[in-house]
Amino acid sequence: MLFAGRQSRSTPSGVSRRALLQVGSLGAVGLTLADALRLQAQAEEGAAPRARSVILLWLWGGPSQIDLFDLKPRAPVEYRGPYAPIATRAPGIEVSELLPRMAQRMDRCTLVRSLHTTSNDHGIAGTIGLTGGSKGAQSLGGQTLPGDVQPCHGAIADRLLSTGAWPPAFVSLGGALHQGKRAITGEGGGVLGAAHDPFRLDYDIRAGLKAPQLELADGLTPDGLGARQRLLDAFDHGADALGAHLAMHDRTRQYEQAFALLTSPDARAAFDVDAEDDRLRTRYGRFRFGQCCLMARRLIEAGTRFVQVNWSSHVEPFEDTGDGGWDMHDRNFPQLQDRHAWMLDQSLSALLDDLGERGLLEETIVLALGEFGRTPKINNKAGRDHWEHCYAAVMAGGGARGGHVVGASDKLGQYPTRQAMTPGDLFTTVLAQLGITTPKLTELNLTPSGEAVEGLFG
Amino acid sequence: MKGCLGRPVSHGGSRRQLQRIGVATVVLGALVVQGGRSQEPPLAAQRLTSDGLYKQRPAWSPDGQQLAFARLEGQALLLYIASADGGQQRRLTSRSDSEYDAVWTPNGRRLVFSLVATSPNQGDLDVYSIALDGADLQVVAKTGAALSHEESPSVSPDGKQVAFSSTSEGNQELYLVPLEGGSRRRLTDDPALDVHPAWSPDGKRIAWATNRWGDFEIALLDLESGSITRLTTSPGLDDYPAWSPDGQRLAFTSNRDGNFEIYTVGLGSGEVENRTRDGGIDNYPCWRPDGRLTWVSDRDGGFDIYLAD
């Protein structure tokens, strides 16, 4: 690893002042002149992309770090929970016994165990996670925080990396994120405008592909569009009628884009998950998140630059009128072991394998995290509550170091003890890997939402 | 029930009885089973359902002619009753909130299950019983004040009591309550999680899963003596115990080999066998009255119910 300390925001010229200072003191940490020159060259290169695309697996509701990626087996029983750590393919790194497939792929992954954020409200923390800041975030109680909503990371990629109508540079799979009945802010273009909102698709395990932007059209209700084949048939046989409909009604950009995309042969080919080998579809998992991960791979293959896969629309579990989110205030353990953990394990490991087999993993950053973590101490409902002080993420591909842990938490998993970082820091680093650094953000009147972090990428 | 451990919650409880559980835990060891690997071929299985939607906790009627299970539909787990071959299925209720973990009363006339009673937020799970036609919903275990979770019911062989887990006193513990509802008796008292009770066919013992020794292991509680016996010792989690009809074996889910499989352990021999050995996820074992194992698996892609040949 070249950097000896945290890298600060870069200057407009792309050179990090702190990085340059580090060059001056490299001797103290044993780096050679060649290292120093390489460091300087890297800094001067600034925007040179080292990854092409990102798949963000957004684990809405906040997964339990202590049950998945940062176990504390020596903590008291009230903290450690019922799961044991298992060895992984990366020497010295252990993960939960609920993640046996990921354990076998940990040599390709970087674990982050020192994330922290500033809110334990899903809506606010969600906005922070997706935009790097809380401007315009809405709390559970309906309060809107001051400031204009900033663009989400995918929207920035869309603004800077889009090359035309097809493929869309930014696609969101799964439902729009909600807290209660209110959609959260920060999933779209924000101050960059709705033009950079994601193109949205969803997958229903029974109905197949869903295109939310089209569901308002006459004859294209959710029921009418439910089945993928019926959707495609509708476009085959009903395009003229739909076009007339569009001429008569409000033509939003998203609506037209959705129509144009879904009727183009390239798009239809990319969206046709049924074209995949049946065994591969099963490897990803025959459930919404699994099939959305497969769709993400297809989109990356088609050229999309940023795909966000939302685990669920709502934070709440099925047992609480949600759609299976990670907000496990109660029944944390049966939900984890009977559904969520193996679903994540299966889909994420299949995604890494599939990308790797197609030669896409080297240029695609895969990142999985939620808006915060969960309380290390088990509550009085056999659950874990919101915990913003310390949580975990897993990352692979796109130059991410394999078999590596960044940051650490204390013995109870309550607070970072080493290399604490915010989601803004994490995504600043990820965007920089795409070549989106301070100068490019400045052109958009944006600033980095954090400081680039050492050690995430090789 | 004579000999049952625990205390009526409203009376402060029998400390001595709870202490007996602790002592028994310390002196147990007579029946510690080391994880073993079966040399028998894995069970051939007949697929009873084919929709592939997520399912949990199948349970056979006492006559083996009907099968209850919960299926995830949209955003809710909903209870179904199927014919023995799985072909004919019907909803048990018309509720829209989740309902699951149904078990049959010994006379086969009612189901006892967990339901989400109200869902303003964070759910509130209670145990109810219901007639097979979906009528006559009755409270079995419910807390009125603080939010708590009563779930995982298991009916005693005489049909008079229900064992279940509850968080009503601040930690997930096991309790007994009359089938008709009423005062509950606490069975366990440990800071660990105590879940998924299963009443033995002779009515003398309850098997359950607990993490008091590390990760989830299967334990036995002798209702007469109050002694607790650790039944499994494995590097993985062991959960969802289910008694064979003759009471000689327990089936359970374990990931001790790195994948969720259905295992059995002989109560006399202590022999542990992996009965499924399949690449998919195998979970929620139960037994048909004729002794054939039944469970949920995604071995064919989606989640369906399988019956051992």
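Predicted model: local features only at pLDDT ≥ 70, side-chain atom pairs only at ≥ 80, totals over all residues.
Helices (DSSP H or I, at least four residues) and strands (DSSP E, at least two) are runs numbered from the N terminus.

Residues are numbered from 1 along each chain as its sequence is written, chains are lettered from A and ligands numbered from 1 in the order in which they are written, and side-chain values use heavy atoms, with hydrogens and water left out.

**Chain B**

Gly258(B) counts as partly exposed because its relative accessibility is 36% (buried is under 20% relative accessible area, exposed over 50%, partly exposed in between, with a 1.4 Å probe and protein chains only). Gln56(B) sits 202 residues from Gly258(B) in sequence and 21 Å away in space, C-alpha to C-alpha. Chain B has one helix and 26 strands, and 61% of its 309 residues are buried.

**Cores**

A nonpolar core is a set of buried Ala, Val, Leu, Ile, Met, Phe, Trp, Tyr and Cys residues joined through side-chain atoms within 4.5 Å. The largest one has 121 residues, and Ile55(A), Leu57(A), Phe69(A), Leu173(A) and Phe271(A) touch the most other members. Helix 13 (residues 332-357) of chain A gives the most to this core, 11 residues. Another core lies apart from it, with 40 residues, including Trp60(A) and Phe457(A).

Beyond its neighbours within four places in sequence, Ile55(A) is in contact (heavy atoms within 4.5 Å) with residues including Ile300(A), Leu351(A) and Leu355(A).

**Helices of chain A**

The axes of helix 12 (residues 288-302) and helix 13 of chain A come within 9 Å and cross at roughly 15°. That makes the two helices of chain A roughly parallel (angles under 35 degrees). Here is who makes the contact:

| Helix of chain A | Residues in the contact |
|---|---|
| Helix 12 | Phe289(A), Gly290(A), Cys293(A), Leu294(A), Arg297(A) |
| Helix 13 | Leu344(A), Ser347(A), Leu351(A), Asp354(A), Leu355(A) |

Helix 6 (residues 122-131) of chain A has 10 of its 10 residues buried, so it is largely enclosed by the rest of the structure. Its buried residues pack against elements of chain A including strand 1 (53-58), helix 7 (153-161) and helix 14 (423-433).

Notes: Axes fitted to C-alpha atoms, helices over the stretch in contact; angles between N-to-C directions. Parallel < 35°, antiparallel > 145°, perpendicular 65-115°, else oblique.
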